[in-house]
Amino acid sequence: MNFDQFNLDPRINAGIKDVGYVTPTPIQKQAIPEVLRGRDVLGLAQTGTGKTAAFMLPILQRLTKGPLRHVRALIVAPTRELAEQIHETAVELGKHARVRSVTVYGGVSKKRQVEALRRGAEIVVACPGRLLDIAGDGDIDLSRVEVLVLDEADRMCDMGFLPDIKRILKLVPARRQTLFFSATMPKEIRQLAGSILKDPVTVQIGMIAPAKTVSHAIYPVTHKLKKNLLLQMLDQTATGRVLIFTKTKRRARFLARDLEKKGHNVSALQGNMSQNRRQKAINGFRDGKYDILVATDIAARGIDVAEISHVINYDMPDTVDAYTHRIGRTGRAYETGQAFTFAVPDDEGLVRGIERVLKKPIERRQLPGFDYAGYKPDKRNGGKQSTVNSERAATNGNGRRSRGNGGPKGGSGRGRRRRRGRSYAPQGNGR
Ligand code: AMP
C-alpha cells in the first residue's frame, strides 16, 4: 500500500516523495480518507504515529482548490515547538502546491507574524495565547476557516488553555470541519470533543499506551545517587541520542551543566530559555551537535527528532500520561527505543500505575558495577540484575556508541548518524 490510493493532487504526491514517506502509517490509512470526505475526526493517537501528515495531507488537498491567501485551515497546538514542527510539515509537504503556512506563537516578534499574515497564508499554525492576542488586535481574519485542527488537546487542557480554546471556537465559523487529536482521553477532553465535533469518525491507533517499540526499565535509586548513576550509565551504555527529563527548569539547567563538565555534548531545553535558544538546542540535538538534551516536560513537547535511542526519566513524571508523552519521544515512527526511569522509593505508586497501562510489569534493573553506597535497590523492588551486554542486545541495533570510561568523548559519531530513509515498516526491518 502506498500514498497513490488516496488520489491526492500530483503536487502533494511530489511533496510526499520529497520527504521520503513510502507507506502510510496506520493512522494515515484510517484518517486520510475520512478527512478527505470532509468528516470530523477524533484521533486518539500517540506521538510518533504520523498523525501530523494524517491531517495535513487532506488539508493540503483541500487547499489545492478554492481561494488562495485567506486563512482556510487553523491548527492549534500547545507549544511553540509543536507548532513549528507542524508548520515545517505543512511547508515540506505543501511546497509544490505553493501553499503558505504561517506560525503564530508567543516569545518572538508579533510584528513579523502579523506581516506574514498580511502577505496572505492558507494555513495558520498557532498557540492559543498569541492567536487570541493577534485576533484581539484585529490582525487575523478567521471568518473563512474551513478546517480547525486541535492537536494534543489533552496537553492544551493540562496547560490551562481550555478557556482560550473556547474563545478561539467563537472566532471560527460554526460550519467547518474539525479534527481533534489527543494522546489520552480524560473526562474533560472527552467532553470538549463531544461538544465541538459533529458526528465524528473515531480513529484510534492502538491502546492509549506508550509506543510498543519502546522497551522500559526502572532503575531504583535514591535522590542522592541519581547523578552518579546517570553519569556511570552514560559511560557504560551504547547510546545514540539521549533525551533526559527532569522535574524542574532549574534541575534541567544544572544537570546539563554537570554533564557538560564531564565532557558530554549536551544542551538544556527548558521554558526559561528564549525561543531562539530553544530552537538552537533542538536543532543542535537533531543535527548531532549535541548527543544529550536535558529537558523539562513542557519544553520537550513537540520535539521531532528521529533516532532518539534513549529517554531517561531522571525524575519520575508526575502522571502516567506525562510518562506516555515523554516516552513518545523515542520509538518515533516505529524505530526502537529504550526508556529508563530512575525511581526513588516514593515513586513506587506511579510505577505501578504505568505498569497497569502497559499491562505488564516493568523490569527493575541495577547498573552493574555501580556503587549504591549501601542502598539496596533490589530489596524493595525485587530487582533484576542486567548486564551492559544484554542491554546492548536489547537496543536492537540502535545502540551506536559506547563511551570509554568517564573520559570526554572523542568523535561525535555524527557521520554515522545520517537520517534514515523514512519508509514505514512496522516490523521486520531490523531496527
Ligand atoms: P508525528 O506523529 O506526526 O509527530 O510523526 C512522527 C514522525 O514520523 C515524523 O518524523 C514524521 O516525519 C514521520 N512520518 C510520518 N508519516 C510517515 C510515513 N508515512 N512514513 C515514514 N515516516 C513518517
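Q: Hi! What are we looking at, and how many helices and strands are in the protein chain?
A: Hello! This is a predicted model, and its protein chain has 17 helices and 15 strands.

Q: How much of the chain is buried?
A: Buried residues account for 45% of the 431 residues in the protein chain.

Q: And what about contacts, say between residues at least 6 apart in sequence: what share join residues at least 24 apart?
A: That share is 77% in the protein chain.

Q: Nice. Which residues touch the most other members in the largest nonpolar core?
A: Leu74, Ile75, Val76, Ile123, Val124, Val125 and Ala126 do, out of 60 residues in that core.

Q: Which helix gives this core its largest share?
A: Helix 3, residues 51-63, with 8 residues.

Q: Let me zoom in on isoleucine 75. What is it in contact with, leaving aside neighbours within four places in sequence?
A: Isoleucine 75 is in contact with Ile86, Ile123, Val125, Val149 and Asp151.

Q: What does the second, separate core include?
A: That one has 44 residues, and Leu259, Val311, Tyr314 and Ile327 are among them.

Q: Switching to helix packing. At what angle do helix 3 and helix 4 pack?
A: The angle is about 45°, and the axes of helix 3 and helix 4 (residues 80-94) are 10 Å apart. The two helices are therefore oblique to each other.

Q: Is that crossing left-handed or right-handed?
A: The crossing of helix 3 and helix 4 is right-handed.

Q: Which residues make the contact?
A: From helix 3 you have Thr52, Ala53, Met56, Leu57 and Leu60, and from helix 4 there are Ile86, Thr89, Ala90, Leu93 and Gly94. By class, this contact of helix 3 with helix 4 has 7 nonpolar and 3 polar residues, with no charged ones.

Q: Now helix 6 and helix 8: how do their axes cross?
A: The axes of helix 6 (residues 128-136) and helix 8 (residues 162-171) cross at roughly 40° and come within 10 Å. That makes helix 6 oblique to helix 8.

Q: And the crossing of helix 6 and helix 8, left-handed or right-handed?
A: Left-handed for helix 6 and helix 8.

Q: Who makes the contact there?
A: Helix 6 brings Pro128, Gly129, Leu131, Leu132 and Ala135, while helix 8 brings Asp164, Ile165, Arg167, Ile168 and Leu171.

Q: How do the residues of that contact of helix 6 with helix 8 divide?
A: They divide into 7 nonpolar, 1 polar and 2 charged.

Technical notes: Residues numbered from 1 in each chain as written. Predicted model: local features only at pLDDT ≥ 70, side-chain atom pairs only at ≥ 80, totals over all residues. Helix = DSSP H or I, 4+ residues; strand = E, 2+ residues; numbered from the N terminus. Buried ≥ 20, exposed ≤ 12 C-beta atoms within 10 Å, placed from the backbone. Contact = placed C-beta atoms within 7 Å. Core = buried A, V, L, I, M, F, W, Y, C linked by C-beta atoms within 7 Å. Axes fitted to C-alpha atoms, helices over the stretch in contact; angles between N-to-C directions. Parallel < 35°, antiparallel > 145°, perpendicular 65-115°, else oblique. Left-handed = near helix turned anticlockwise from the far one by under 90°. Nonpolar A, V, L, I, M, F, W, Y, C, P; charged D, E, K, R; others polar.
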